[in-house]
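Colleague: I would like to walk through this model one value at a time. Shall we look at it first?

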Amino acid sequence: MAERLAASSDSNIHSVLVVRGGRLEFERYFRGRDEVPSRFYGPRVEDVSFDADTLHNIKSASKSVASLVIGIAIDRGLIRSINEPIFSFFPELSDLRSPEKDRIQLVHALTMSMGLAWVEATPATGDDNDEARMHRASDPCRYVLGLASAGE
């Protein structure tokens, strides 16, 4: 499998890891195209030789991992349900609460459906991009929960 993936010019697979029985059975990294951050002009696509230390911006793919972790927390009794109000996890941000935002639940954060006015224009480094502003914010959670409701 690894040889076929390495030989394929259009697969753009960055890595394959196989875990079985809690043990890493197979680990292989490849060369492929990926966005490389640029300080002045935003991300650009380049050929990258991937390895175990190569960082990836996986964006909304993290929802799957976050949902898994939340499921474990619910199973262990650390969180009651996905219907918990989002502000119950951020009591230090209570000054941002409003009747509209009090309706936001954990499930909305997990499904990217919080109903906040979020702009993801391009380029990602531009002034009209909430993802870029969130990453530059000193408190990303305050930044996101401080956004206006989409209907406002």
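Modeller: One definition to start: a residue is buried under 20% relative accessible area, exposed over 50%, and partly exposed in between (1.4 Å probe, protein chains only). The model is predicted, so local features need pLDDT of at least 70 and side-chain atom pairs pLDDT 80 or more, while totals for chains, interfaces and linings use all residues. Numbering starts from 1 along each chain as its sequence is written, and side-chain values use heavy atoms, without hydrogens and water.

Colleague: In which order do the elements of the protein chain run from the N terminus on?

Modeller: Elements are DSSP runs: helices are H or I, at least four residues, and strands are E, at least two. The protein chain has 5 helices and 4 strands. From the N terminus the order is α-β-β-β-β-α-α-α-α.

Colleague: What percentage of the residues in the protein chain is buried?

Modeller: The count is taken over 152 residues. The share of them that is buried comes to 24%.

Colleague: Of the contacts with a separation of 6 or more, what percentage joins residues 24 or more positions apart?

Modeller: Contact here means heavy atoms within 4.5 Å. Take the contacts in the protein chain with a separation of 6 or more.

Colleague: Which residues of the largest nonpolar core touch the most other members?

Modeller: A nonpolar core joins buried Ala, Val, Leu, Ile, Met, Phe, Trp, Tyr and Cys residues through side-chain atoms within 4.5 Å. The largest one holds 16 residues. Those that touch the most other members are I86, F87, L106 and L145.

Colleague: Which helix gives the largest share of this core?

Modeller: α2, α3 and α5 each supply at least two residues of this core. The largest share is 3 residues. They come from α5.

Colleague: Which residues are in contact with F87, leaving aside neighbours within four places?

Modeller: F87 belongs to the largest nonpolar core and is among the members that touch the most others. Leave out its neighbours within four places in sequence. Then F87 is in contact with L93, L96, R97, K101, D102 and L145.

Colleague: How many Å separate R97 from L145, C-alpha to C-alpha?

Modeller: R97 lies in the loop between α2 and α3. It is partly exposed because its relative accessibility is 47%. Beyond four places in sequence, R97 is in contact with F87 and D102. R97 and L145 are 48 residues apart in sequence, yet the C-alpha distance is 8.4 Å.

Colleague: Does I70 count as buried or exposed?

Modeller: I70 lies in helix α2. Beyond four places in sequence, I70 is in contact with I79, I82, L106 and L110. S81 is 11 residues away in sequence, and 8.7 Å away C-alpha to C-alpha. The relative accessibility of I70 is 15%, so it counts as buried.

Colleague: Which residues does E131 contact, leaving aside neighbours within four places?

Modeller: E131 lies in helix α4. It is buried because its relative accessible area is 12%. Apart from neighbours within four places in sequence, its contacts are N57, K59, W118, V119 and E120.

Colleague: What is the value of phi for M112?

Modeller: M112 sits in the loop between α3 and α4. It counts as exposed because its relative accessibility is 56%. Phi is positive in this residue other than glycine, at a value near 55°.

Colleague: How many Å separate the C-alpha atoms of E35 and V45?

Modeller: E35 is placed in strand β3, residues 31–36. Its relative accessible area is 48%, so it is partly exposed. V45 is 10 residues apart from E35 along the chain, and their C-alpha separation is 4.4 Å.

Colleague: How many Å separate the C-alpha atoms of L17 and Y29?

Modeller: L17 is found in strand β1, residues 15–20. L17 is partly exposed because its relative accessibility is 44%. Beyond four places in sequence, L17 is in contact with L24, F26, E27 and Y29. L17 and Y29 are 12 residues apart along the chain, with their C-alpha atoms separated by 8.7 Å.
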